[in-house]
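Have the structure open while you read.

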Amino acid sequence: EYLHVKISKLFYETILFSDKLTITVGKIGFFSFFANNIYTGNTNKQFINEAFVKDKSIDIPKGTYALRLNYIYSKNFYVDLGCYAAENNVSLKGLKIIQITYNPYDAHYRLYYWVNDKKTQDLTSHGLGMSIDKLIFSKLGLFLRCSYKYPFTTIYLLNKHEKIPLFFLYSCGVQFTAFRSRLNDVIGFAIGQSYNHIEYSLYNTNKNKSLLLETQIETYYNYQLNNYVTISPTIQLIRNQHRENPHKRLFVYGIKINIVLF
């Protein structure tokens, strides 16, 4: 059997059983291991809108310690377990997640289920998510993510306690690479929507901005100027459907410059 230990300021990692099991303890970034998407996980080179980068439905404690177990069943199939302690409280209460990953040569599939059982108002909840990356051919990749959250706990709403559905979101898009004359350039396009239950929206916004639906659209173009500099213009369209203004839109224009020194 093989044993490997990695120690840093933030975490401690051990590999056991002939590279089959990895144990990581410490300050572990959640999206570094869970609920990630290959075509949207790098904000420096891909999408910058968090609606595509992160699963915003997950109740993630901030600044906490975590335990992660990664078991490699086969070359293309593995399972991750994570336990993130509640904020400022190192105990068994907090966020737990199990994730199953299937990773053939031309695709990347993730299915995950999470529970946050910290006993405070409006936080005890659970959810299910799915993430798919699929290489169609050498130049084109497709991605899809969807997730759903439902609270276990009840919330105080309109002078009574109710159990209500809370949140659903999805995002999908494409990434196209290698033009005939621009082999290192990349184009990306994504669209996503999130749905909030109307009663929860009324509760969460003091009855002023009942958010029913939010739509996010983003496209970017990575232009590689040379081996060291990449210029990336990006355009975003954000549409919030409010009861008072059902057609509110916002355009965001930006440009990123990525410089590699070494």
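Tyr73 is exposed, with a relative accessible area of 56% (exposed means over 50%, buried under 20%, partly exposed in between, using a 1.4 Å probe and protein chains only). Keep in mind that this is a predicted model, where local features need pLDDT of at least 70, side-chain atom pairs count only at pLDDT 80 or more, and totals for chains, interfaces and linings use all residues. Residues are numbered from 1 along each chain as its sequence is written, and side-chain values use heavy atoms, with hydrogens and water left out.

Phe77 is partly exposed at 29% relative accessibility. A search of the whole structure turns up 12 aromatic pairs (Phe, Tyr or Trp rings, the six-membered one for Trp, with centres within 6.5 Å; planes under 30 degrees apart are stacked, over 60 edge-to-face, the rest tilted). Here are two of them:

| Pair | Centre to centre | Angle between planes | Type |
|---|---|---|---|
| Phe30 and Tyr84 | 5.5 Å | 65° | edge-to-face |
| Tyr73 and Phe77 | 5.9 Å | 85° | edge-to-face |

Phe30 is buried at 6% relative accessibility, and so is Tyr84, at 3%. Phe30 sits in the loop between strand 3 (21-26) and helix 1 (50-53) and Tyr84 in strand 5 (residues 77-86), so their pair ties together parts 54 residues apart in sequence. Helices (H or I, at least four residues) and strands (E, at least two) are DSSP runs, numbered from the N terminus.

There's also an aromatic cluster, formed by Tyr39, Phe47, Phe52, Phe143 and Tyr220. The charged end of Lys256 sits over the Tyr220 ring, 6.0 Å from its centre (NZ of Lys or CZ of Arg within 6 Å of the ring centre and within 35 degrees of the ring normal). Likewise, Lys27 lies over the face of Tyr65, 4.9 Å from the ring centre.
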